[in-house]
Structure formats: structure tokens, C-alpha cells
Amino acid sequence: MGLFDNAVPGGNITKPLMIALGALLVGKMLSGRSEEAAMPQAPAPTPAGTDASADGGLLGGLGGLLDKLKNAGHGNVADSWVGTGQNQSINPGDLGSALGPAVIREIAQRTGMNEQELLQQLSTALPGIVDKLTPNGQVPQNHQVASAFNS
């Protein structure tokens, strides 16, 4: 996947995980025969109670994801992912609480994963993905995040 090759421990981002990240960060379902050939599709309907934007995923993009984490009391963790120091980990249960059950249910349905496995994989992947998307400690615009997923 280029940019994300070293973002996840083991360096392997599975297709369901890419779909989950796409749903969270860029509001696009990713499809194709491989991650390298992933192409965006129309976004699925947004679950009630989420604040999606047209190109910003279920939570309004990377900024919306970080805001959700901060509002749930995980600001230090989120800031460590954006900053240039060591990335702090997040517990899958804490991530699920921050994102909310409607968002987790929607992403689980899109990926075909169960909610527990989804949260486990997202809690492992998000620190590295957010770190890669914010190399200078700045949160990029939604279109820049979308470009990273489409490259």
C-alpha cells in the first residue's frame, strides 16, 4: 500500500482493515483485487447519530476521529499519534467507546468482521496510520487523506 507499508506492526494491512480505515477517514469503501488496485466507491448510508461529511468518513475525516478521541478523554494518546514522538497505544475497548457503537457496527458490517476483531485491528493500526498521515505533526485536509488512500 506504499505509504502505509510500515504503519502497522508486521507491515501487512488486510483488505478489511483498509475498508475500515477508509470508512473512518475518507468516507469511501475500498474495493479491488488487491490493496494496490483499490478504487473508491460511493459511500454507504451513514448510520444515525454520526457526523459524516462527503469526503470525511463516518466521523468527519482524520480531524473528526481525533476530536472523538479527545472528547472521550484520550487526547494525549491522539496527540502522540500526530506528534513526532513515540505513539501511545489505545485499548480496543477505549477506542470502541470513543467511536461509539453505531460507528463500530457500521464499519463491522462493511468489512464483514466482528466488532471485537475490528476494534482489535483498528487499535493496532490507527497509531501508525495516523502517524504516517501526519508526518510533520499537522493534520492534513480530508482530500489529502483521500489521496493517500488512493495512491
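Let's start with Gln138, which touches Val82 and Leu133 when residues up to four places away in sequence are not counted; contact here means heavy atoms within 4.5 Å. Gln138 sits in the loop between helix 6 and helix 7. Helices are DSSP runs of H or I with at least four residues, strands are runs of E with at least two, and both are numbered from the N terminus. Gln138 is exposed, with a relative accessible area of 58%. For that term, buried means under 20% relative accessible area, exposed over 50%, and partly exposed in between, with a 1.4 Å probe and protein chains only. Gln138 and Val82 are 56 residues apart in sequence, yet their C-alpha atoms are 6.8 Å apart in space.

A quick word on what we are looking at. This is a predicted model, where local features need pLDDT of at least 70 and side-chain atom pairs count only at pLDDT 80 or more, while totals for chains, interfaces and linings use all residues. Residues are numbered from 1 along each chain as its sequence is written, and side-chain values use heavy atoms, leaving out hydrogens and water.

Now the whole chain. It has seven helices and two strands, and along the sequence they run α-β-β-α-α-α-α-α-α. Of the 151 residues, 46% are buried. If you take contacts between residues at least 6 apart in sequence, 65% of them join residues at least 24 apart.

On to the core. A nonpolar core is a set of buried Ala, Val, Leu, Ile, Met, Phe, Trp, Tyr and Cys residues joined through side-chain atoms within 4.5 Å. The largest one here has 39 residues, and those with the most contacts inside it are Leu24, Leu25, Leu65, Leu122 and Leu126. Which element gives the largest share of this core? That is helix 6, with eight residues.

So let's see what packs on helix 6, please.

Helix 1 is one partner: the two axes come within 10 Å and cross at roughly 65°. Axes are lines fitted to C-alpha atoms, for helices over the stretch in contact, and angles run from 0 to 180 degrees between N-to-C directions. From helix 1, Leu17, Ala20, Leu21, Leu24 and Leu25 meet a set in helix 6 that includes Leu118, Gln121, Leu122 and Leu126. By class, this contact has eleven nonpolar residues, one polar and no charged. Nonpolar counts Ala, Val, Leu, Ile, Met, Phe, Trp, Tyr, Cys and Pro; charged counts Asp, Glu, Lys and Arg; the others, Gly among them, are polar.

Helix 4 also meets helix 6, with axes that come within 8 Å and cross at roughly 95°. That makes helix 4 roughly perpendicular to helix 6; angles under 35 degrees count as roughly parallel, over 145 as roughly antiparallel, 65 to 115 as roughly perpendicular and the rest as oblique. Pro92, Leu95 and Gly96 of helix 4 make the contact with Leu119, Gln120, Leu122, Ser123 and Leu126 of helix 6.

Last, helix 5. Its axis and that of helix 1 come within 9 Å and cross at roughly 140°, so helix 1 is oblique to helix 5. Pro16, Ile19, Ala20, Ala23 and Leu24 in helix 1 meet Val103, Ile107, Arg110 and Thr111 in helix 5. Arg110 and Thr111 are among the buried residues of helix 5. Just after this helix, Gly112 takes a positive phi of about 80°.
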